[in-house]
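Let's take a walk through this structure and see how its parts sit against each other. Have a look at the model first, then read on.

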Amino acid sequence: MYRVLLAGLKHEVNSFSSGVADLDTFRRNVLFEGADVLGSGRGSGQEIDGVVAVARAEGVELIPVIDAYAGAAPPVADAAYEYIRDRVLAAARAEAGRLDGVMLCLHGAMATESLEDPEGDMAAAVRAIVGSRMPIAVSYDMHCHFTATKASAPDIIVGFHTHPHVDFYDTGVRAMRLLVKAMRGEAKPVVAYRKLPMMASAERHNTSLPPASEVMGRCLEMEQEAGVLAATYFPSQPWMDLSELGWATVVVADGDRALAQAKADELAQMCWQRREQYLVHKTPVRAAIEKALGGAGQPWVFTDSSDSVSGGGHGDGNFLLRELLATGYADTALLTLTDPEAATACFAAGVGGQVTMPLGGKLNPQFFQPVMVSGRVKTLTDGKFTRDLPPSPKNAGPTAVLQVGTIHIVVTSYPVQTIDTSAYHMAGLEPRQYKIVQVKSPGGFRAVYGPFAAGIFELDAPGPCDSELPRLPFKRIRRPLWPFDPDLPAPW
Ligand SMILES: [Zn+2]
């Protein structure tokens with residue numbers, strides 16, 4: 001029976017979000033060790049679940065080490081990363097003589113206080129322990145920050161095929177199937193990649209629509225072609241101030257590196273030719289409010305993606321709230337805001353209590369300022385709920401629904417993603433019953449909100465996930481890089 005070391009590590013850095021992500025951040029999201037990686041709390045359709053399914057079907061014994069997920073957040077504290085890495089490396093050392101393969105389910109866009117590419121470093125350290133002949137497979141999120149280091153250790157690299165991401169499980173299945181083939185000697189996977197000097201915000205990464213559907217469609221075609229084992233492109237998390245920032249295409253071929261390189265180059269050409277189509281042109285907030293008020297039906301979904309929690313924002317960006325109050329907006333609206341102080345004040349006032357306080361805008365002062373509100377506490381909850389996409393336990397901390405005029409604000413103690421409706425449902429609120437619903441997500445929300453939204457406005461607002469990348473205070477990125485250098489000629 002083949003024996004495979006299994007570990008998961010996920011975090012998506014936002015360099016413009018203040019603070020650090022520590023082990024408590026992982027614990028609030030996912031931190032399982034040993035047999036718990038395969039057992040309690042899992043089975044919710046993650047990559048690891050796909051890996052487990054293939055392992056069972058193929059009679060592979062998994063050696064589960066750790067599964068850690070911090071969401072999208074500021075850089076990871078060095079000590080938290082070292083805790084996780086050291087467990088993976090210790091297990092690799094302990095098992096090295098009895099292993100046939102290694103499976104790492106990673107995100108790819110992690111950075112720590114000290115390291116720009118901790119996942120690449122960890123995979124390289126695993127390779128150094130297990131030796132050059134053992135197959136190593138890695139699965140990545142589409143927003144992987146792909147680097148030369150990441151290309152160096154694995155034999156197999158696969159990425160998501162969907163945005164909004166819904167193929168977590170399938171990605172694990174694809175990676176594990178290739179690892180099984182490699183262990184059996186039925187395939188000799190080789191990796192080639194092409195790095196691209198371009199970046200674009202996440203709003204146009206949607207694989208159901210051009211241009212992303214065309215690029216991903218070609219990846220899927222390639223995977224059916226002779227000699228190609230896996231093909232993907234990584235449009236990358238845009239809000240990382242890292243020296244190697246830029247898109248990449250990655251192809252795994254069966255023993256033919258030249259074929260893999262030719263296919264990776266073809267995908268890179270497709271990305272470059274479509275780069276202008278990936279730019280986003282957003283709507284000023286006041287214009288969006290006017291259009292929603294004049295439009296039929298509800299809800300009008302307002303994407304405050306510059307403070308996207310799924311992009312690493314703290315979720316305390318109150319730009320939309322400020323504009324709603326300033327314009328005397330009198331229809332219904334539903335918002336989320338992270339503000340632990342305000343949540344505490346609501347709990348002190350109790351249900352039905354009146355509060356007057358500064359709200360939001362406290363966690364990332366380079367982008368936001370608090371706004372004064374007076375309102376009534378409608379409900380109080382412990383903030384624990386199950387997220388729908390992907391299904392996973394979440395904890396928003398003590399959470400209040402504050403009613404300010406006709407506006408309902410879900411005030412959470414910790415950031416919550418609003419890719420789906422579960423954070424609103426947790427607070428007992430139904431987005432369909434509001435004229436305006438705010439989501440703090442650049443694109444992932446469309447799978448859930450798209451079918452019932454009366455319309456969608458992408459708001460032009462400030463924040464750590466601004467789609468106008470040149471407006472952000474990047475310092476480390478290597479130039480030239482499009483669109484920072486808009487006249488950059490084709491890189492080949
Ligand atoms: Zn992603």
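Taken over C-alpha atoms, the centres of domain 1 and domain 2 lie 31 Å apart. This is a predicted model, by the way. Along the protein chain, domain 1 covers 3-278 and domain 2 covers 283-466. Their contact draws on 25 residues from domain 1 and 29 residues from domain 2.

How much area do domain 1 and domain 2 bury between them? It comes to about 2000 Å², with 48% of it on carbon and sulfur atoms. On the domain 1 side, the residues that lose the most area to domain 2 are Arg28, Glu203 and Trp239, and together they account for 27% of what that side buries.

Now for the polar side of things. Between domain 1 and domain 2 there are 13 residue pairs in polar contact, counting pairs with both residues at pLDDT 80 or more. The salt bridge count between the two domains is 1. If you want a salt bridge to look at, go to the side chains of Arg204 and Glu458, which meet at 2.9 Å, N to O.

S3 gives the largest share, with 3 residues.

Conventions
Residues numbered from 1 in each chain as written. Predicted model: local features only at pLDDT ≥ 70, side-chain atom pairs only at ≥ 80, totals over all residues. Heavy atoms only, no water. Domains from an automatic or database assignment. Contact = heavy atoms within 4.5 Å. Buried area = accessible area lost by both parts, 1.4 Å probe. Salt bridge = Lys/Arg side-chain N within 4 Å of Asp/Glu carboxyl O. Polar contact = N/O pair within 3.5 Å; in protein donor to acceptor, adjacent residues only side chain to side chain. Helix = DSSP H or I, 4+ residues; strand = E, 2+ residues; numbered from the N terminus.
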